[in-house]
Amino acid sequence: MLVIDGSQGEGGGQVFRSSLTLSMCLQKPVRIENIRAGRSKPGLLRQHLVCLRASQAICAAEIAGDELGSTEVVFKPGQIKSGEYRFAIGSAGSTSLVFQTVLLPLLLADGVSEVCLEGGTHNGHAPSFDFIEKSFLPLMAKMGYRTEAELERFGFYPAGGGQWRARIQPVRELQPLDLTDRGAILKNEAVATSAQIPGHIAERELRQIRKKCHWPEESLHQREVDSAGPGNIVSLRVVSEHITEVIEVMGEKQLSSERVAGRAVKALNRYLQANVPVGEHLADQILLPMVLGKGGKFRTQEPSLHLMTNIEVIRQLTGAEVKVQKESDLAWTISV
C-alpha cells in the first residue's frame, strides 16, 4: 500500500483529493497520513469527507478513517461503476472540488454517469461552477474528456444550498494537450453576480472594472440571482482562440466593491502580462487529466505551491515525471 504524506508541500486538501482520484483510476490502495496538517483546522472537514464517501460510492472502496477531523485515511478502491449519483455536502463546502475528485474515474468507467451535487457553487479558494463550465470542461474536451454541466441553484458561502448536475460520457479516444499559444483574444467579459445584497455593490464593481480595463459597456454584465443566502462574486473572462480563462474574486463583508474588482483586475493583468494560455489555477487542475490521458504540454504563469505539490503527489502515485521549465520571469512550460 502506498503511503502519502498529506502535510507535504502546500499541505491542504488537494493532496487528499488527488490521492483519492489517482487511487481509483490506477486501482492502487493508499494510506493518506497527516491530512491537511498545514491548515488551522487539520484533518477532514465536511467537504473532504464527502469527497471520500463519494469516491467510495463510485468504486465500492474499503475505507477507514471516514470521520470529521480524521488525519489518516485508508482507501482500497474497487471497480469503478458508472451510474446516477447524488452527493450532498450539507454545508457551503465546494461542490466543484467534490466533482473534480470523482470526474476522472467516472470518465474512465464503461458507461454514462449522471452526478447531482449539492452545497456551495461559488466559493472562495475553489473553482466556481462558472469556472468549471466556461474554462475547465472545454479544455477537458480538447483532450477527449466529454462532460456537460447545468446549474440549477446558486449556493454562496456560508448558506450553501446550491445544486448542479453533470453528465459524464465514457472516454472514447484521448488526445495529447498542446497548449503553448493563447491565440488572439476574441472577447473580454466581466460578470458581477450577486444575491440578496444591494444592487449598487455589483454596479460599483463593474464601474471599477471599466475604469481599470477600459472595456466597452457591452462587455460588462450584472447578474442578480436567487440563492439560499447572500453572496457576491466578480468573474473576468478572457475568450481566446484556444482557451477561455476565468479569473474570479469573491465579495467579502470587509471588502469594498472597488477592492473586490481591483483584486480581480490585478490577477487579470498578471495573466495577460505573462502572455501564456493557461492561468495559475487551471494549470493545477489539468495535470491529472493529462497524466491519465495522452500527456502533452502547456505554457502557464509561475507555478504555485499548489501546482508543485500536485506534481509531487502525481510522481509518488504514478511514477510519471512532470517537467517544469522556466522560460522567463513570467512564463513557464509544463510537460507530461
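The report below goes through the nonpolar cores, the aromatic contacts and the cysteines of this predicted model.

## Nonpolar cores

The largest nonpolar core has 95 residues, and those with the most contacts inside this core are Phe87, Phe99, Ile209 and Leu236. Apart from this core there is a second, separate one of six residues, among them Phe156, Ala195, Val225 and Met250. As background, nonpolar side chains in soluble globular proteins tend to be buried together.

The surroundings of Phe87 can be listed in detail: when residues up to four places away in sequence are not counted, Phe87 touches Val50, Ala54, Ala57, Ile58, Val98, Val102, Val115, Cys116, Leu117 and Glu118.

## Aromatic pairs

A search of the whole structure finds four aromatic pairs. In one of them, the ring centres of Phe99 and Trp164 are 4.9 Å apart and the planes stand at 65 degrees, so the pair is edge-to-face, the angle being over 60. Because Phe99 belongs to helix 3 (residues 95-107) and Trp164 to strand 8 (residues 162-168), this pair ties together parts that are 65 residues apart in sequence. Both Phe99 and Trp164 are buried.

Trp164 also forms an aromatic pair with Phe129, again edge-to-face, with 5.2 Å centre to centre and 70 degrees between the planes. This pair likewise links distant parts of the chain, given that Phe129 is in helix 4 (residues 129-143) and Trp164 in strand 8, 35 residues apart. Phe129 and Trp164 are both buried, and ring pairs link Phe99, Phe129 and Trp164 into a cluster.

## A charge over a ring

A contact of another kind involves Arg182, which lies over the face of Tyr271 at 5.2 Å from the ring centre.

## Cysteines

Is Cys116 buried or exposed? With a relative accessible area of 5%, Cys116 is buried, because this value is under 20%. Cys213, at 15% relative accessibility, counts as buried for the reason that its value is also under 20%.

Key:
Residues numbered from 1 in each chain as written. Predicted model: local features only at pLDDT ≥ 70, side-chain atom pairs only at ≥ 80, totals over all residues. Heavy atoms only, no water. Core = buried A, V, L, I, M, F, W, Y, C linked by side-chain atoms within 4.5 Å. Buried < 20%, exposed > 50% of the residue type's maximum accessible area, 1.4 Å probe, protein only. Contact = heavy atoms within 4.5 Å. Phe/Tyr/Trp six-rings, centres within 6.5 Å; stacked < 30°, edge-to-face > 60°. Helix = DSSP H or I, 4+ residues; strand = E, 2+ residues; numbered from the N terminus. Lys NZ or Arg CZ within 6 Å of the ring centre and 35° of its normal.
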